[in-house]
Amino acid sequence: MSAPALLASLVAAAGSAPYAASPPTPGPNIVIMFVDDLGYGDIGVYGGSHPTPHLDRMAADGLRFTDFYVAQPVCSASRAALLTGCYPNRLGFHGALGPGARHGLDPGETTLAEVCRSRGYATAAFGKWHLGHHPPFLPVHHGFDEFYGIPYSNDMWPLHPDSVDLPAGAAKRKRGYPDLTMIEGDAIVDPVVTPDDQRRFTTELTERAVRFIDAHHDEPFFLYVAHPMPHVPLFVSDRFAATAATDLYRAVVRELDWSMGAVLAALDRHDLAEETLVIFTSDNGPWLSYGNHGGVTGPLREGKGTTFEGGVRVPCVMRWTGTIAPGRVCRLPMMTIDILPTVARLIGADLPARPIDGRDASALLLDRPGAASPQPAYFFYYHRNHLEAMRAGRWKLHFPHGFRSMEGRAAGSGGRPGKYDYDRRTGLELYDLESDVGESRDVAAEYPDVVALLLELAEVMRGDLGDRLTERAATGAREPARLETEAAP
Ligand code: MG
C-alpha cells in the first residue's frame, strides 16, 4: 500500500469508532484480574499446553483478543498504563520500581478506581501494587477503598536467586533488598513475607476477592486482582502440589486459572454475570531467562523487557454475559490504556481532567456496527524512555535499538536465570504482522513509503513524550510524585 493510501485508510479508521448511544444505567461492575509475566502462549485458548479450563470457558462465553497490548514490557510501567489510561512515559513512569524508589504515582493523576468511585462504586485492590511503595502512593490513596497485597515484585526480597548461594557469612541481600512486606490499607501487617506466605498468595488473594464480591454484591463495584504470580519466584499452594512436583510453572498457571474460576463462580452465585464486565490479562510477556520457571510466547518473538511482540502482546479475555456475544475473537488492536476510557464510557463517568492517551473501546466490546480499534491509526512501543517501535495497521516499524535475547543462550532452570545476551541490536526494520507475527522478515526495503510515513508519525510522538534514542526531550510528559528527602523511612 502506498503511503498516501495507508494514511487515508488510517484516517478513515480513526473516524469510524462510534460511541454507543448512551451508557447503560447502571453501568456494569468491573473486575480485572491482572497476572504477572504470563506469556501469550501460556493458556489453553491461546494454544498453550497448560490446562486452563476456567479461562478457556471464559473465552468461550465471551471475547478473546489476538492483538491486545500492554504499554511497556515491564511491571511498574505497565501497571501505571492500565490504571491511568496513559502511556507511562506521560506520567514519568519507566521500568520497574525497586525498594529504593522514592517516587510513586502522582496523587493528581486519576486512576481507574477513582473513575469508578466517582459513580459510587465500591473499590478494592488485592495483590501487587508496584506504583510506589511509600504510604502516600499506595492504592488507598489512589481511589481504592481497600488494599491487601505486596508493594512491588515478589522477587524483591532477600531470597532473590542471585543471592542465595553466597558463601556463609556473606550478605544475603540482592542489591540490598529488604524483607518483603505485606500491606493492608497503607500499613504493614506482616513485616517479613516468607516462602510459606508466597505459597498462599494466589489462594489468599482469591479468597479476599470472593469475600469482596460477597460483601458488595448489591452495589456497583470495581475489583482489581493483581496476582504476583507467575512472576518468579514461583510458589503454589498444596492444592496443586502434585503438578508442581513435575512442572512448577504449569502448577502456578493452573492455580491462577482456578482463581479466575473462583471469582467467576462468586459472580455467578450472586447472579451478577450479566452485570459484570470481567477482564483477564497479563502485565507483560514471559521472563525468558528463567527457562522452565517462565512462560512461553507461542508464535511471538522475544519476551519481557523487549518491544518485540512477545514482550508486549498478552492474552486478554473478557466476559460480560448477555452483552458481549459468546465465542467472539477480536483481531483489532487494543491496549491496556484503552480500558480506563472504555470503563468510563460504560459506567457514565467523566474522563480524567488531565490528558490521557487511551481511547474508548466500548463500541468494539459491544460489537457495534462499524466498530474499529480504539487505537485505529497508530500506537507506540516505548521501553523506558526509548521509543523503540510503532504499529500502524498491519505494519510494525522498529527504530534502531538494542535489546536482550536468550537466543543461543542456555536457559535458566529451577528458579535460577540464564544469562541474556544484551548486545543484540535491531536496525530500522519493518515487519508485516499480518503475514509475519514472529517479526522474522524485514521488509523495509520493499515499502519505503510506509517507512517514511511512520517515521514522520513517530516524530510527532517524540516531540510529545520524548525519546532517549534520538535525544528528544518530552514536552507533554508529567512528573511522578516524589518523597521529600527528609521524609526517608
Ligand atoms: Mg510483570
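In this predicted model, the residues that donate to the magnesium ion follow the spacing D-D-x37-C-x207-D-N along the sequence. Part of that pattern ties together distant stretches of the chain: Cys75 belongs to helix H3 (residues 75-84), while Asp283 sits 208 residues away in the loop between strand E10 (276-282) and helix H8 (309-312). On the protein side, the donors are Asp36 (OD), Asp37 (OD), Cys75 (SG), Asp283 (OD), Asp283 (OD) and Asn284 (OD1), at 2.1 to 2.6 Å from the magnesium ion.

As for geometry, the six donor atoms make angles of 54 to 160° at the magnesium ion, and the site comes out as irregular. For reference, six octahedral donors would ideally give angles of 90 or 180 degrees.

Cys75 has a relative accessibility of 2%, so it counts as buried, the cut-off being under 20%. Asp283 goes down to 0% and is therefore buried as well.

Elsewhere in the chain, Met182 is found in strand E7 (residues 182-184). Setting aside neighbours within four places in sequence, Met182 touches Tyr148, Gly149 and Ile150, along with Ala187, Ile188, Val189, Asp190, Val193, Phe201 and Glu204. One of these contacts, Val193, lies eleven residues along the chain from Met182, with 6.6 Å between the two C-alpha atoms.

Note on methods: Residues numbered from 1 in each chain as written. Predicted model: local features only at pLDDT ≥ 70, side-chain atom pairs only at ≥ 80, totals over all residues. Heavy atoms only, no water. Helix = DSSP H or I, 4+ residues; strand = E, 2+ residues; numbered from the N terminus. Contact = heavy atoms within 4.5 Å. Donors = N, O, S within 2.8 Å, 3.2 Å for Na, K, Ca; no water. Tetrahedral: all angles 85-135°; square planar, octahedral: opposite > 155°, others 65-115°. Buried < 20%, exposed > 50% of the residue type's maximum accessible area, 1.4 Å probe, protein only.
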